Structure formats: structure tokens, C-alpha cells
Amino acid sequence: MYPTTSGSLVSQRRIHQIQTVAIDLLRSKQRLIEKTFREFAAKRYNRPVRVKMLWKHIEARILSAAVCQDESLYGECDENKVWISKEKMNDIYLLGTLLHEALHYGCTFNGRWICEDDEHTIFRSLGDDC
């Protein structure tokens, strides 16, 4: 869970500053993240599932992050890019939002994307408040 303390408005400069931290954290937790995805797949499907983590893709999406003007949500993404709202966020919340969005489309089960609900269940297992 992220602290609810406010921070400054998200800017492209702040995103750029936090990208290195996000990639370092991601690399240090790769085994844990992959294990969590594998355990979820095993429980969800109760049969062998080929789990493929797309680490280079996840890192590229972290580096693609940009500010968006839509203040109705904190972050959003597609298969290639991450956008973070120009809201007030402290650095921990900004880091968590960036990692959350970058991990979407970051893994396949048997060559197929995971549905968003399943991704969010996995993210919660990793400590994300979704």
C-alpha cells in the first residue's frame, strides 16, 4: 500500500527521475515477480502453463512513460506506452503507478495476454493496492 501523503504535480522531469529507480527495483525483484506470476498461473489453470515474462518490453514501457492531461485516472497504458496523470503524487506513489502500468502486458500465459482482472490479482499479491 502506498502512503496517502501528497506530493508535487507529476511532470515529465519527475517521471524521468523515477524511471531509473523503477528499472533498478524491477531488476532486483524479477525473481519474485516471475514467481508470483507462475504461482498464479498454476492455481488459476490447474494445469501446466507456459509463463513468459517480457522483461525488455516492461523496461521499454517504463522508459516510454509520459505525462497525460487526463486527471480522471492516475495511470494508463497500452501495449507500448505508459501515461501518468498530471496529478499530485509523492515519489512512492509515482513509482508504484509507473511499475503497475509497466507490468500490464508484461507477461503471457501460453502465448496469450493475461486479462486485466488477473493482472490486478497478481499485482495485489505483489503488494500493489490497485
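This is a predicted model: local features need pLDDT of at least 70, side-chain atom pairs count only at pLDDT 80 or more; totals for chains, interfaces and linings use all residues.
User: Which element gives the largest share of the largest nonpolar core?
Analyst: The largest nonpolar core holds 32 residues, and L26, F37, I58, I62, I84, L98 and F109 touch the most other members. The elements giving two or more residues to this core include helix 1 (12-28), helix 2 (30-45), helix 3 (55-64) and strand 5 (107-109). The largest share, six residues, comes from helix 4.

User: Which residues does I84 touch, not counting residues up to four places away in sequence?
Analyst: I84 is one of the residues that touch the most other members of the largest nonpolar core. With residues up to four places away in sequence left out, the contacts of I84 are V10, I15, A66, V67, C68, Y74, G75, M89, L94, T97 and L98.

User: Is T97 buried or exposed?
Analyst: T97 belongs to helix 4. Beyond its neighbours within four places in sequence, T97 is in contact with Y74, G75, I84 and M89. Its relative accessible area is 7%, and the cut-off for a buried residue is under 20%. T97 is therefore buried.

User: How far apart are the end C-alpha atoms of helix 1, and what span should its 17 residues have?
Analyst: At 1.5 Å a residue, the 17 residues of helix 1 should span 24 Å.

User: How many disulfides does the structure hold?
Analyst: A disulfide is a covalent bond between the sulfur atoms of two cysteines. C68, which is buried at 9% relative accessibility, has its closest cysteine sulfur in C77, 11 Å away and too far for a bond. For C77, the closest cysteine sulfur is in turn that of C68, also too far for a bond at 11 Å. The number of disulfides in the structure is zero.

User: Which residue forms a salt bridge with D91?
Analyst: A search of the whole structure finds five salt bridges. One of them has its closest N and O atoms 2.7 Å apart and pairs D91 with R14. D91 is partly exposed at 46%, whereas R14 is buried at 11% relative accessibility; the partner of D91 is R14.

User: How many residues apart are E59 and R27?
Analyst: The side chains of E59 and R27 meet in a salt bridge at 2.8 Å, N to O. E59 is buried, with a relative accessible area of 15%. The pair links distant parts of the chain, with E59 in helix 3 and R27 in helix 1, and the separation is 32 residues.

User: Which helix holds both R38 and E34?
Analyst: R38 and E34 form a salt bridge whose closest N and O atoms are 2.7 Å apart. R38 is partly exposed at 39% relative accessibility, and E34 is partly exposed at 22%. The two residues lie four residues apart, about one turn of the helix, in helix 2.

User: What is phi of N46, and where is this residue found?
Analyst: N46 is exposed, with a relative accessible area of 71%. Its phi is positive, in a residue other than glycine, and is near 50°. N46 is found in the loop between helix 2 and strand 1.

User: In which loop does N110 lie?
Analyst: Phi of N110 is near 50°, a positive value in a residue other than glycine. At 32% relative accessibility, N110 counts as partly exposed. N110 lies in the loop between strand 5 and strand 6 (112-113).

How values were computed:
Residues are numbered from 1 along each chain as its sequence is written. Side-chain values use heavy atoms; hydrogens and water are left out. A nonpolar core is a set of buried Ala, Val, Leu, Ile, Met, Phe, Trp, Tyr and Cys residues joined through side-chain atoms within 4.5 Å. Buried means under 20% relative accessible area, exposed over 50%, partly exposed in between (1.4 Å probe, protein chains only). Contact means heavy atoms within 4.5 Å. The expected span of a helix is 1.5 Å times one less than its number of residues. A disulfide is a pair of cysteine sulfur atoms within 2.5 Å. A salt bridge is a side-chain nitrogen of Lys or Arg within 4 Å of a carboxyl oxygen of Asp or Glu.
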